[in-house]
Amino acid sequence: MLFTSIDFVLFMAALLGLFAVFRATGPRKAFLLVGSYIFYSWWDWRFSFLLAFVTALNYFSALRIEADPASKKRTLLANCVVSLGLLAFFKYSAFLGQNLSGLSQVFGFHLELDALKKIVLPVGISFFTFHMLSYTIDVYRGKMKATSDWVDFAIFGSFFPQLVAGPILRASDFLPGLAKPVKLHFDKEILFLCLRGLFKKMIIADNISRIVDTVYSNPSQYPSTIIWFAAICYSVQIYCDFSGYSDIAIGLTKVFGIELPLNFDRPYFARNPSDFWARWHISLSTWLRDYLYIPLGGNRKGEFATLRNLMLTMLLGGLWHGASWNFVLWGFLHGAILVVHRLYTKFSGKVGSPDERGAGFWLSWGAMQYMVLLTWITFRISDTEKMLVVLRKFVVFDFNFGLAGMGIGNLAIFQTAVLLAGFFAMHFLGFLKRERWEQILARQSDVVGALVCMVAGLLLYWLWPLGEAPFIYFQF
């Protein structure tokens, strides 16, 4: 069920109608839980049993860890093996089978593993596995108490706004909100936050995706100018698609009186790799830091171990995104950039501040964004031959500025360029004001707010793309 579909509008109307009729917290929690499972089952009802199993596994594991400290390490290990084993089975079996089949041919025989290719990937499995596993680990570490309220935990495990594409929840952020009476909450900031997410997804991401799909489907026929244009388009597309989902998810969560942390903070103003990962998909980067990088040793065991831990964390972060070598390469490149940046700051002493201005800021910003664009190419293109063509034309500019005879209309390029210019203008203004747009608009008068909604509504009507395009991160 997509946020942008009529099915979801009817679903939300029914849920809010039930909340209006039933004011007690108990029934409202029951509606949230049942509604969340209906939302998830809309795609494939069979995988709701998988979600229920992972939820029950982590619920009882945490209770056992707290009740029997002597065996808590074994309990956590068993939980991790089962939770991550299920994730690996559904997400990586086909990838493993494909690579084993290829390897077998190198040694002169053919290994048939077609059954593995038929395994269906449950939508959102990476997200709900990680956010429930973080709860069990936090209980193991003594950072929070295990909850005995199975309804609250089941809602945490299946909460529909963020279930299939994040942000990745932390129980310490979410469960305290459920401990209070469940009340509906509406204000202008929620309205503009959801409207901003819808605008990012439907107006910007889905409209500029056509250029990206066209160019990357046959990159050999396009010059470097168009390759660069497509690379910039994809960087904006994936940001608007994913952060647009996060905006809507955070806004819908606020409707039920629960706060979710910020997941994106203007990442395209990052001036170094550490700054980028403090701004991009924050819930994942902090999860990898707290539950992978730090347990590996973090920066506590010498410089070589620190660099190794950075690389391993980013490699596994790349693999988390999907069972494909291009995601591993993407993670490796980001790991390499982090390693180089750490070595540079260590030996030069120029740590600097991401907020400083002047020529130094813009030079470091330009270098970082060049690397971000380059790595998004490896993220987007899984075909090795096409990826190499795009990378070559991206890195070695051919100074061919002709646009005739390439199958891309000038009008399409102009429309896409206008959308890009609008995005970067809003991105830049928000960066200068140090405020998010929903906060700025919420302070305005009702007349200004109504005009903004009217203009946004007209743009959505005129530029709403044909057909439904799922959010990119649904596949992860």
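Predicted model: local features only at pLDDT ≥ 70, side-chain atom pairs only at ≥ 80, totals over all residues.
**Entry 1: the largest pocket**

I first looked up which helix contributes the largest share of the lining of the largest pocket, and found α9, with 12 residues. The lining as a whole comprises 44 residues. I recorded α9 (188–217), α10 (224–255), α17 (410–433), α18 (437–442) and α19 (446–463) as the elements that each give two or more residues to this lining. Nearest the centre of the pocket I found Phe199, Lys200, Ile204, Phe423 and Met426. For the volume I noted about 1100 Å³. Sorted by class, the lining holds 25 nonpolar, 10 polar and 9 charged residues.

**Entry 2: the cavities**

I next asked how many cavities of 30 Å³ or more there are. The count comes to 2.

The largest cavity holds about 40 Å³ of space. I listed its lining as Pro167, Ile168, Leu169, Arg170, Asp173, Leu260 and Pro261. Of these residues, 5 are nonpolar and 2 are charged, with no polar residue.

The second largest cavity has a volume of about 30 Å³. Its lining consists of Trp277, Leu284, Leu288, Met314, Gly317, Gly318, His321 and Trp330. By class I found 5 nonpolar and 3 polar residues here, and no charged residue.

Definitions and conventions:
Residues numbered from 1 in each chain as written. Heavy atoms only, no water. 1 Å grid on protein atoms, 1.4 Å probe; cavity = no way out; pocket = protein on both sides within 12 Å on 5 of 7 lines; lining within 4 Å. Points joined across faces, edges and corners; volume = space filled by probe spheres on them. Helix = DSSP H or I, 4+ residues; strand = E, 2+ residues; numbered from the N terminus. Nonpolar A, V, L, I, M, F, W, Y, C, P; charged D, E, K, R; others polar.
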